[in-house]
Amino acid sequence: MVLHLDNAISPQINCTDCGNCCKSLMVLISDDEAGNLSAHLGQPREKFDKEYLEKGSGGLMIMNRMPCPFLSDKKCSVYEHRFAGCKEFPALHLPGFKNRLFTTFMHYERCPIIFNVVERLKDEMSFEREIEK
């Protein structure tokens with residue numbers, strides 16, 4: 001049902017009118033992804049890492065600041081080279097939706113796609129809503 005709703009709603013939303021995910025989303029970055037983007041930017045990897053990445057234990061990496069430094073006028077300035085987590089967001093098309101409910105609701109107010117899919121899902125599931133007075 002979520003996939004069906006996502007397929008119906010996503011085409012109606014222009015993400016470049018929003019950019020909220022790029023203002024608040026923390027995605028894991030692989031070593032290969034960091035290498036690809038640093039090469040695209042023509043930066044030595046060491047400089048790229050120092051300027052853009054926060055490294056954690058076990059080799060985990062995320063962007064070191066928000067909004068994403070590659071966000072420009074609500075658009076990704078490195079769109080063709082963006083990270084897998086950015087490409088997948090809001091991930092409603094992926095299997096295991098029930099396993100990602102916490103993340104989905106974290107972004108409920110930020111992402112118009114998530115908001116609209118969840119609201120339609122409530123209707124489809126006959127969710128009982130509180131009546132506003």
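Arg45 is partly exposed, with a relative accessible area of 24%. Partly exposed lies between buried (under 20% relative accessible area) and exposed (over 50%), using a 1.4 Å probe and protein chains only. The model is predicted: local features need pLDDT of at least 70, side-chain atom pairs count only at pLDDT 80 or more, and totals for chains, interfaces and linings use all residues. Residues are numbered from 1 along each chain as its sequence is written, and side-chain values use heavy atoms, leaving out hydrogens and water.

**Salt bridges**

- The structure holds four salt bridges (a side-chain nitrogen of Lys or Arg within 4 Å of a carboxyl oxygen of Asp or Glu).
- One of them pairs Asp31 with Arg45, at 2.8 Å from N to O.
- Asp31 sits in helix H3 (residues 31–41) and Arg45 in helix H4 (residues 45–52), 14 residues apart.
- Helices are DSSP runs (H or I, at least four residues), as are strands (E, at least two), and both are numbered from the N terminus.
- Asp31 is partly exposed, at 49% relative accessibility.
- Asp49 meets Lys55 at 2.8 Å, N to O, and Asp49 is buried at 11%.

**Within helix H7**

- Lys122 and Glu119 form a salt bridge of 2.9 Å, N to O.
- Both lie in helix H7, three residues apart, about one turn of the helix.
- Lys122 is partly exposed at 22% relative accessibility, whereas Glu119 is buried at 16%.

**Network**

- Salt bridges that share partners join Asp31, Arg45, Asp49 and Lys55 into one network.
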